[in-house]
Amino acid sequence: MATADFEPRIIGFLCNWCSYAGADLAGVARLQYPPNVRIIRVMCSGRVDPQFVFKALAEGADGVLVAGCHPGDCHYADGNYKTMRRFHLMKKVLAQLGVEEERVRLEWISAAEANLFARIMQEFTEELRRLGPFKPGRKLAAGGEG
Amino acid sequence: MGKLKIASYWAAACGGCDVAILDIHEKIVDVANIADIVFWPVATDFKEKDVEGYPDGYIDVTLFHGAIRNSENEHYAQLLRRKSKVLVAFGSCSMMGGIPGLANFKSRDGILSRVYLESPSTQNREGVLPQTRVEVPEGELELPYFYEDVKTLADVVDVDYFMPGCPPAPHQIWAVLQVIASGNLPPKGAVVGASDKSLCDECPRVKTEKKVKKFYRPHEIIPDPEKCLLEQGIVCMGPVTRGGCGAQCTRANMPCRGCYGPLDGVVDQGAKFVSTLASIVDADTPEEAEEIIGKIVDPAGTFYRFGLPGSLLRRARNA
């Protein structure tokens, strides 16, 4: 399924307090990572309604990243624990719907872990490139943006 | 103005919606006083050619039940859309895909093969599968084409109103018929015959704090009749399901199965329920969460029991 010129589209839901700051630091530090992710900042990874993930996939994303503070570090005390529990159930539902496990990822990225963010984006992009588009045959907008 | 002209049709449905209409009991006589039934295959003897003979827009209201499973269903949807001023997607199947929509977990080939070749009660040595056309000595016979996906009514035609329920509750059917008779119609696209609050709002059970260590299937536990079923670990879709049915299931000690569909502002009832259910899991480590959640059998089939074709992802991939 994978093609050489396939550029996966990734939607990244990053929490305001840790992961978004981590991604920001990656930019400030001029770390190199693939430009395939479109970042959406949310106040907490616990704010990521599973509908957001489903909608992203339904509307053209090839992969979705949800990232939040490490367990114990949540700005709202336990938002990321909710995310973790929700994620387990969501993965089970997605698996039954035939969505490959690798397409949806949950990561804990702190505000200092710019390197980790860059590495995850690298890995995730490569993984999705191997898997191919989520909707085979779907026409991608020119330039990959859209 | 003469009497209202109403029609009722079943596509991919079980017939329960028709029975629900009859469940308004003696009021059906009142319906006959205000309206002429011009097409209702389950109860009257009008044929397709009668409907084709009506001028466009002749029927005032059509209650269309059932999902769109094959080309005949779609043909009737288009015919009745053309002939009707108001088209109501009546019942969960028509609105969201319903129980027949669970077929979207499988592919067309898989379904045909299971039904016509593999099932233990099938004898089909020649491996005959349904064909859309077949020659017999008497001439050519035609069968509808079985689609790859189950679709909702709104996927194939423009729908004016949506009335959920499997089946819609008779008191709601009566209320909707009265509104139709009054001519005071709600805005197009409205969900009618239902509440805009969740089922929990009308469920009489006592609700306290929800923290669940273990989930049960309905047959594995005798539930306390007073206490919230979800708090007892029974997967109840009440929090994400539109009310209006009178909480018939939870009053009978059975969990809500979600037939009234999502609430306003929710697109995907199943995804929303993932959020609800996971939030009440009482676990602090990934391992514990995994263990508790692992006890939920067939989550996708349960959370999308009535609405897979109308959900965001619509079907399972590569099935």
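Predicted model: local features only at pLDDT ≥ 70, side-chain atom pairs only at ≥ 80, totals over all residues.

Modeller: Two strands are taken to pair if DSSP finds at least two bridges between them. Strand S1 of chain A, residues 10-15, pairs with S2(A) in the parallel sense, and six bridges join the two. Within this pairing, Leu14(A) stands opposite Arg41(A) of S2(A).

The sheet as a whole is open and has four strands, in the order S2-S1-S3-S4 (chain A), with parallel pairing. The edges are held by strand S2 (37-42) and strand S4 (104-108) of chain A; each has a single partner strand, so one side of each is left without a neighbour in the sheet. From one strand to the next, the twist averages 20°.

Although S4(A) is an edge strand, five of its five residues are buried, so the strand is largely enclosed by the rest of the structure. In a regular strand, side chains alternate between the two faces of the sheet. In S4(A), Val104(A), Leu106(A) and Trp108(A) point one way, whereas Arg105(A) and Glu107(A) point the other way. The residues on both sides are buried, Arg105(A) and Glu107(A) included.

A helix also lies across the sheet.

Chain A has four helices and four strands, and along the sequence they follow the pattern β-α-β-α-β-α-β-α. Of the contacts in chain A between residues at least 6 apart in sequence, 82% join residues at least 24 apart. Buried residues account for 51% of the 146 residues in chain A.

Chain A also touches chain B: 21 residues of chain A are in contact with 26 residues of chain B. On the chain B side, helix H11 (269-279), helix H12 (286-294) and helix H13 (299-303) are the elements that give two or more residues. H11(B) supplies the largest share of that side, with eight residues. By residue class, the chain B side divides into 17 nonpolar, four polar and five charged residues.

Chain B itself is assigned three stretches of domain: domain 1 (4-99 + 151-182), domain 2 (105-147) and domain 3 (199-303). The C-alpha centres of domain 1 and domain 2 of chain B lie 29 Å apart, and the contact takes four residues from each of these two domains. On the domain 1 side, strand S4 (68-70) and H4 of chain B give two or more residues. The residues of that side are two polar and two charged, with no nonpolar residue.

As to confidence, the model scores ipTM 0.91 and pTM 0.91. The mean pLDDT of chain B is 94, and 99% of the residues of chain B reach 70 or more. Within chain B, confidence is lowest in helix H2 (residues 27-34), at a mean of 88, and highest in helix H4 (residues 71-83), at 98.

Methods: Residues numbered from 1 in each chain as written. Chains lettered and ligands numbered in written order. pLDDT = per-residue confidence, 0-100. Contact = placed C-beta atoms within 7 Å. Nonpolar A, V, L, I, M, F, W, Y, C, P; charged D, E, K, R; others polar. Domains from an automatic or database assignment. Buried ≥ 20, exposed ≤ 12 C-beta atoms within 10 Å, placed from the backbone. Axes fitted to C-alpha atoms, helices over the stretch in contact; angles between N-to-C directions.
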